[in-house]
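Biologist: Could you take me through this model, one topic at a time?
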2 protein chains.
Amino acid sequence: MSTTAERDRAPKQDRSRATRQRLLEAAVACLAEHGWAGSTVSVVAEHAGVSRGAAQHHFPTREDLFTAAVEYVAEERSTALRELFPGGAADDRRAVVAAIVGLCTGPLFRAALHLWVAASNEDQLRARVTELEARVGRETHRIAVELLGADERRPGVRETVQGFLDMARGLGLANLLTDDTARRDRVVAQWADLLERALA
Amino acid sequence: MSTTAERDRAPKQDRSRATRQRLLEAAVACLAEHGWAGSTVSVVAEHAGVSRGAAQHHFPTREDLFTAAVEYVAEERSTALRELFPGGAADDRRAVVAAIVGLCTGPLFRAALHLWVAASNEDQLRARVTELEARVGRETHRIAVELLGADERRPGVRETVQGFLDMARGLGLANLLTDDTARRDRVVAQWADLLERALA
């Protein structure tokens with residue numbers, strides 16, 4: 001292969017990766033804003049400034065696009081969360097609790113919620129979303145255990161962390177229709193204390 | 001008015017009330033099973049064995065039917081929950097915790113979830129569902145405080161109960177795509193202990 005061809009190939013791959021990324025981010029934004037019914041590959045392609053043909057080259061079906069999108073953004077958030085506490089187990093458990101709850105109140109949670117609810121009525125989507133949810137849930141649990149410095153060998157600790165993550169999702173749900181920030185901040189402050197005592 | 005007319009009127013009112021009730025129960029079942037997109041007044045009327053005309057006499061719009069349905073069933077559940085613990089504050093907080101979480105894992109929660117998510121993208125529905133959610137939320141909180149024997153004058157107790165109710169909704173969400181019963185039972189057992197200590 002000629003050096004010219006090699007030189008051409010690298011930027012082409014970069015462009016392709018950038019297009020894919022734009023589509024994934026646009027897909028999550030669309031899902032959060034318009035819900036499953038209003039989110040088609042065409043709508044996302046337009047939102048991303050990508051041709052419908054290019055979008056379908058990357059994601060042959062709507063299910064491919066949206067499950068990949070939720071997974072991609074969940075991974076980005078996990079990375080961002082770990083980077084917030086670069087030393088691993090954080091000294092300040094309150095800050096970790098607030099950051100994890102924060103993950104459940106943004107557009108990613110909203111998009112994931114639309115995807116879960118759509119999957120509960122659509123067989124094509126159901127198996128994929130169930131598998132995706134299990135994977136993302138395990139990863140979130142792993143990060144929470146690590147950052148909270150929770151010792152899962154102690155009885156009850158695993159369930160304590162799980163219950164806290166369920167609460168974080170419930171707080172995300174409470175933020176769906178109204179801005180629940182003020183109430184949530186008070187709940188998080190109280191439960192950060194209870195969690196601190198339970199894990200100490 | 002003749003006595004015959006009076007005698008005729010009472011059974012007619014009873015029939016009307018029974019029809020209304022059948023429609024409300026069918027609406028929640030449809031919403032839980034088919035989601036908002038698949039739940040029309042016609043589908044519900046057929047499910048309830050009621051003519052479309054009779055359904056529209058009771059509920060002129062789809063929004064009327066579904067918000068009334070979720071409210072009706074939520075009230076039925078609240079009543080059922082109070083009847084489980086007729087003495088008010090229960091001796092067994094674990095049983096109260098399990099019963100409240102149980103309310104979030106059945107068809108009512110599933111129907112409410114579909115309604116919330118639909119309302120987040122549909123302006124006509126949004127204001128009504130927001131108002132309904134606030135009302136049902138306050139009532140659930142009131143029952144939880146009463147049955148848990150929680151003294152809200154003590155600092156942090158209000159937020160402790162709120163956080164527990166957020167957790168219950170999060171546990172409901174985790175049950176949407178898969179049967180989460182085994183994991184949930186372990187989480188509930190652990191958090192019932194933590195709640196017991198926090199409220200003692």
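Modeller: In this predicted model, H7(A) has 26 residues, which at 1.5 Å a residue should span 38 Å, and its end C-alpha atoms are 37 Å apart, which agrees. The expected span is 1.5 Å times one less than the number of residues, and helices are DSSP runs of H or I with at least four residues, numbered from the N terminus.

Biologist: Which residues of H7(A) are buried?
Modeller: Among them are A:Leu125, A:Val129, A:Leu132, A:His141 and A:Ile143. Buried means under 20% relative accessible area, with a 1.4 Å probe and protein chains only.

Biologist: What do the buried residues of H7(A) pack against?
Modeller: They pack against helix H4 (62-84), helix H5 (93-103), H6, H8 and H9 of chain A. Contact here means heavy atoms within 4.5 Å.

Biologist: And what comes just after H7(A)?
Modeller: A:Gly149, which takes a positive phi of about 60°.

Biologist: Before we go on, what are the ground rules?
Modeller: Residues are numbered from 1 along each chain as its sequence is written, and chains are lettered from A and ligands numbered from 1 in the order in which they are written. Local features need pLDDT of at least 70, side-chain atom pairs count only at pLDDT 80 or more, totals for chains, interfaces and linings use all residues, and side-chain values use heavy atoms, with hydrogens and water left out.

Biologist: Now the interface: how many residues does each chain give to the contact?
Modeller: Chain A gives 40 residues and chain B gives 40 residues. The area buried between them is about 3,300 Å², with 64% from carbon and sulfur atoms; buried area is the accessible area (1.4 Å probe) that two parts lose on being put together, summed over both.

Biologist: Which residues of chain A lose the most area to chain B?
Modeller: A:Asp166, A:Leu177 and A:Trp191, together 21% of what that side buries.

Biologist: How many salt bridges cross the interface?
Modeller: The rule finds 2, a salt bridge being a side-chain nitrogen of Lys or Arg within 4 Å of a carboxyl oxygen of Asp or Glu. B:Asp166 forms a salt bridge with A:Arg183, where the closest N and O atoms are 3.0 Å apart.

Biologist: Which helix gives the largest share of the side of chain A that touches chain B?
Modeller: H8(A), with 12 residues. Of the 18 residues of H8(A), 17 are buried.

Biologist: Last topic, B:Thr67: buried or exposed?
Modeller: B:Thr67 counts as buried because its relative accessibility is 8%. B:Thr67 lies in helix H4 (residues 62-84) of chain B. Leaving aside neighbours within four places in sequence, B:Thr67 is in contact with B:Leu115, B:Arg128, B:Val129 and B:Leu132.

Notes
Buried means under 20% relative accessible area, exposed over 50%, partly exposed in between (1.4 Å probe, protein chains only). Helices (H or I, at least four residues) and strands (E, at least two) are DSSP runs, numbered from the N terminus.
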